[in-house]
Amino acid sequence: MNHTSMNFTSFTQIILQKLQKMLGENYTVFSHTVRKNNGVELTGIVAKRIGHCASPTIYIDRFYKENLSGEEIQKIVTALYDEFQAAEFEDEIDLSDFTEFDKAKEKLAFKLIHAEKNKELLKTVPHKRFYNLAVVFYYTVKEAPFFGQAVILVHNSHMEKWKTNENELFKIAMDNTPKLFPSKIDSMENVMKEIIAETLKADKTNADLPDDEVLSNFLEETLPMYVLTNKQKLYGAACMLYPGVLKEFAEKKGQDFYVLPSSVHEVILVPANAASDSETLQNIVTDINRTQVAEDEVLADSVYYYIRSRDKVVLLS
């Protein structure tokens, strides 16, 4: 098997050429750099179908390595082709509602991002601070199989055209988001079982995953943890701000608890009587962020604490 050494620019060009050939003349295939959450820049491939104004973007950075064989490159192109076929919108997207605030506000929601890591972005978008985090707003465009959701981040220019302000956007999004993206809390054990089941379904040859008994024994020896996210598992860390969600969990457990930002998509809840100290928990969060979470999906290396008697979240570290 022959391997060819190439830089990322050459890799991108080869992918573009091969993907263009597979998709055919009804598509225009091109690449562009996209600034993601936390200032991360990724290279996205767009396959724009002639006559359509909206097209999905698929990022190729995860596929690159310096030495790739021709067979490996072809597998990457085939995988990208399949992803584009799955992600492509069946019908042309109508964004006319986005231009009219009375219609657009029905699909406005919010998510949480790290304030300092996104300080340049925050200069251009309406937001509300929550300790070291920031609440930003987005418009839900349409469900898409590959991404889970197509969204438009609300910028200051949109807010000005709508003749609205941050306070009104916050009020609308706080009302909408729990309805559009209902919260769910599940034990870490059940979440891990679900992940394993999905992995086995995708790869029936994988025999290295633990069975339920092994998994249960492992989790019994670790901290009791609960995962808070939304049913779509998209920007679910925002659920920690939903009215009544943390209070209901605290009442059910009869105690305060720690809130660990696992990623922008979920947070982990740890009952207070099960954890030794916040420093240990912060080390856990930092380790997870460095080893398990994509850089553009990291929320914060912090630990928060929910005080049941005050119905309040505070930042510990």
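User: Let's say the rings of Phe, Tyr and Trp (for Trp, the six-membered ring) pair if their centres lie within 6.5 Å. How many aromatic pairs does the count come to by this rule?

Analyst: Keep in mind that this is a predicted model. The protein chain has 11 helices and 15 strands. Going by the ring rule, the number of aromatic pairs is 14.

User: How are the rings of phenylalanine 257 and tyrosine 306 arranged?

Analyst: A pair of aromatic rings is described by the distance of the centres and the angle of the planes. For phenylalanine 257 and tyrosine 306, the centres are 5.0 Å apart and the planes make 20 degrees. Planes under 30 degrees apart get one particular label, so the phenylalanine 257 and tyrosine 306 pair is stacked.

User: How many residues apart are phenylalanine 257 and tyrosine 306, and are they buried or exposed?

Analyst: Phenylalanine 257 belongs to strand β12 and tyrosine 306 to strand β14, so this pair ties together distant parts of the chain, by the strand numbering.

User: What is the strand order in the open sheet of 6 strands, and which strands stand at the edges?

Analyst: The pairing in this open sheet is antiparallel, and the order reads β10-β11-β13-β12-β14-β15. Each edge strand has a single partner, so one of its sides is left without a neighbour in the sheet. From one strand to the next, the twist averages 30 degrees. The edge strands are β10 (183–187) and β15 (312–315).

User: What stands opposite isoleucine 185 in β11?

Analyst: β10 runs antiparallel to β11 (residues 226–230), and 5 bridges join the two. Across from isoleucine 185 in this arrangement is leucine 228.

User: Moving on to β13, what stands opposite valine 227 there?

Analyst: β11 and β13 also run antiparallel, joined by 3 bridges. Opposite valine 227, the β13 residue is isoleucine 268.

User: And which residue in β13 is the bridge partner of phenylalanine 257?

Analyst: β12 and β13 are antiparallel, with 5 bridges between them. A hairpin takes the chain from one to the other through 2 residues. The β13 partner of phenylalanine 257 is proline 271.

User: Which helix lies across β10, β11, β12, β13, β14 and β15?

Analyst: Those are the strands of the open sheet. The helix in question covers residues 245–253 and runs at about 155 degrees to β11. That helix is α10.

User: How many residues of β13 are buried?

Analyst: β13 spans 266–271, and the strand is mostly covered. Leucine 269 makes contacts including Ile185, Leu228, Leu246 and Phe257, setting aside neighbours within four places in sequence. The buried count for β13 is 5 of its 6 residues.

User: Which residues have the most contacts inside the largest nonpolar core?

Analyst: This core has 47 residues. Strand β8 (residues 133–142) supplies its largest share, 6 residues. There's also a second, separate core of 19 residues, with Phe11, Leu16, Ile60 and Ile76 among them. In the largest core, the top residues by contacts are Phe110, Met240 and Leu269.

User: Is asparagine 37 buried or exposed, and which side chain joins it in a polar contact of 3.2 Å?

Analyst: Asparagine 37 lies in the loop between β2 (27–35) and β3 (41–49). Its relative accessibility is 16%, below the 20% cut-off, so asparagine 37 counts as buried. Beyond its neighbours within four places in sequence, asparagine 37 touches Ile113, Asn118, Val264, Asp296 and Val298. The polar contact of 3.2 Å is with the side chain of asparagine 118.

User: Asparagine 38 and aspartate 311 each have a positive phi; which of the two counts as partly exposed?

Analyst: Asparagine 38, in the loop between β2 and β3, has a phi of about 65 degrees; at 12% relative accessibility it counts as buried. Aspartate 311, in the loop between β14 and β15, has a phi of about 50 degrees. Its relative accessibility is 45%, so the partly exposed residue is aspartate 311.

Definitions and conventions. Residues numbered from 1 in each chain as written. Predicted model: local features only at pLDDT ≥ 70, side-chain atom pairs only at ≥ 80, totals over all residues. Heavy atoms only, no water. Pairing = 2+ DSSP bridges. Helix = DSSP H or I, 4+ residues; strand = E, 2+ residues; numbered from the N terminus. Axes fitted to C-alpha atoms, helices over the stretch in contact; angles between N-to-C directions. Contact = heavy atoms within 4.5 Å. Buried < 20%, exposed > 50% of the residue type's maximum accessible area, 1.4 Å probe, protein only. Polar contact = N/O pair within 3.5 Å; in protein donor to acceptor, adjacent residues only side chain to side chain. Core = buried A, V, L, I, M, F, W, Y, C linked by side-chain atoms within 4.5 Å. Phe/Tyr/Trp six-rings, centres within 6.5 Å; stacked < 30°, edge-to-face > 60°.
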